[in-house]
Amino acid sequence: MDDETYRKYKKLGRGSWGKDLSLWKTMYLGFINLAKEEEFNPFVEMFANMFLRVVNARKEGKPIIMYPFNFEPALFIAMNLTPLMQETFSVGLAPLKLNEPYIDITNKMGYGDTPTLCNAQRPIVGAYKQGVAPIPDLMFFTPTPCNAITMSYQVFQQLTDVPYFTMDVPYWAYDQLNEFYDEKIIDYMVKQTKDLIFWLEKETNQKLDLEKFQQTMKLVNEARQNVLEFNELLKNVPCPMPSLAGFMNFTAMATHSGTIEAVKATKYIRDEAAENIKSGIAGVPDEKVRIAWPYTHIFFDVDLLPWIEETFQAVVILDILGYYPVLPHDVSTIEKCYESVAKGVLDFSMVGTCRGNAEFYIDFCLNYVKDYKIDAMIIPMQFACKHAYAITRIAAEAVREQLGIPTLIFGVDPYDSREVTSETIKAKISEFLTQVVL
Ligand code: SF4
């Protein structure tokens, strides 16, 4: 970022943002200070503006809607709402370890503990208690993939007294060729999408502009196409991008899907990958090992993947969130737009693989290992992620038996550096890569 741009963003962050946005402001200033050392690309711009949009919405009296990481905000954007993905707060604090005092406060309040409820949500409970977390005007959640979201949103609602709406996510497949196909799935999801729109119209006293909705879904499609092409480019050997690149796509789609910003950010990342292949540039020079990471990152340690790259010349191709699999859809009619929203919910990162039968996740891992020529899988298992415990073990067995590829699974809290330390994690990965894989 050049000096002029840095000064512009610094200036935009001045003044009081209000007590409930005080930590939000700390995160914003931390982000632009970090970004100062980086190229000012569309992803950095999108993320910096995301912080400011919430502040501006507050000033302008524009409704803010909070939702979890498992949903795309396109519909909210089409309805002129300001989306706020909860995890940008609770998880965004983790690299700075600023979430840990709020995990402790949440513990003292008696709302769960680390092995039972996830720390991707719990920090905001303690932060609400202290009055330093953003209070939205509306809340929305779907209960998949985990009970942690379902429980926590009820607590958020009690603490903030904000109206909320929830959408059920069914178990079965909508693809007729899938053995778990159920013909009712799409109709069920479309009905719920319409119910959500009805609720939003009632709460915000406005009608959905159908033309704007369709335009928004066209932008969703453009971004999805970019991500699809990016995911294909990562099959190249050597992988053209470093380990964290795919996560940018998830961030773009989970926070900005349906905006021109998401189209630009995903295009930028896709073009980088294509350019690197053309120029013979590898994400990790002299790539030796290709790792599948079919689970989430260790969010408190942003240096872990660069350490893996440097120490073992190993690239982590995509994590489960970065592996955004939603395809572009036909959005030529409004009814098709509803269907596209519905399929986006069912197939979203981690939701499509973890919302039903174990076979969904097992097939995901098998295809991932085959398609990306993977040498090893690493799964850092979040203690509270109960739905994933069993399926990761079964999937690891299937990958070993059918493809001869080993997997490392270990317990960890990806959001709290005090549970399993970086040193312990590195020792486990080091032992696995040197003694089993290399
Ligand atoms: S890590 Fe597991 S428990 Fe935590 S938010 Fe994600 S899916 Fe839910």
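# Briefing on a predicted chain

Met-151 is partly exposed, because 18 other C-beta atoms lie within 10 Å, and a residue needs 20 or more to count as buried. The structure described here is a predicted model. Its chain has 438 residues, and its secondary structure comes to 18 helices and eight strands. A ligand is also present, with Cys-118 and Cys-146 among the residues around it.

**Overall form**

- The C-alpha trace spans about 60 × 50 × 50 Å along its principal axes.
- Buried residues account for 49% of the chain.
- Among contacts with a separation of 6 or more, 75% are between residues 24 or more positions apart.

**Surroundings of the ligand**

- The shell around the ligand consists of Cys-118, Ala-120, Pro-145, Cys-146, Ala-148, Ile-149, Thr-296, Gln-382, Ala-384 and Cys-385.
- Eight residues of this shell are nonpolar and two are polar, while no charged residue takes part.

**Nonpolar core**

- In soluble globular proteins, nonpolar side chains tend to be buried together.
- The largest nonpolar core here has 143 residues, and the members that touch the most others are Ile-65, Ile-291, Ile-317 and Met-377.
- Helix 3, residues 42–60, gives the most to this core, with ten residues.
- Beyond its neighbours within four places in sequence, Ile-317 is in contact with Leu-234, Cys-239, Arg-290, Ile-291, Ala-292, Tyr-372 and Ile-374.

- Strand 1, residues 64–67, runs parallel to strand 3 and is joined to it by two bridges.
- Strand 4, residues 164–166, also runs parallel to strand 3, and three bridges join the pair.
- Met-139 stands opposite Met-66 of strand 1, and its bridge partner in strand 4 is Tyr-164.

**Helix 7**

- Helix 7, residues 122–130, is mostly covered, with seven of its nine residues buried.
- Those buried residues are Arg-122, Pro-123, Ile-124, Val-125, Gly-126, Ala-127 and Tyr-128.
- The elements that cover them include helix 2 (22–35), helix 5 (86–90), helix 6 (100–109) and helix 8.

- Met-151 belongs to helix 8, which covers residues 147–160.
- Between Met-151 and Thr-193 there are 42 residues in sequence and 22 Å in space, C-alpha to C-alpha.
- Thr-251 belongs to helix 11, which covers residues 245–256.
- Thr-251 counts as buried because it has 23 C-beta neighbours inside 10 Å.
- Thr-251 and Tyr-324 are 73 residues apart in sequence, and their C-alpha atoms are 9.9 Å apart in space.

Key
Residues are numbered from 1 along each chain as its sequence is written. This is a predicted model: local features need pLDDT of at least 70, side-chain atom pairs count only at pLDDT 80 or more; totals for chains, interfaces and linings use all residues. A residue is near a molecule or strand if its C-beta atom, placed from the backbone, lies within 6 Å of it. Ala, Val, Leu, Ile, Met, Phe, Trp, Tyr, Cys and Pro count as nonpolar, Asp, Glu, Lys and Arg as charged, and the others, Gly among them, as polar. Helices (H or I, at least four residues) and strands (E, at least two) are DSSP runs, numbered from the N terminus. A residue is buried if 20 or more other C-beta atoms lie within 10 Å of its own, exposed if 12 or fewer, and partly exposed in between; C-beta atoms are placed from the backbone. A nonpolar core is a set of buried Ala, Val, Leu, Ile, Met, Phe, Trp, Tyr and Cys residues joined through C-beta atoms within 7 Å. Two residues are in contact if their C-beta atoms, placed from the backbone, lie within 7 Å. Two strands pair if DSSP finds at least two bridges between them.
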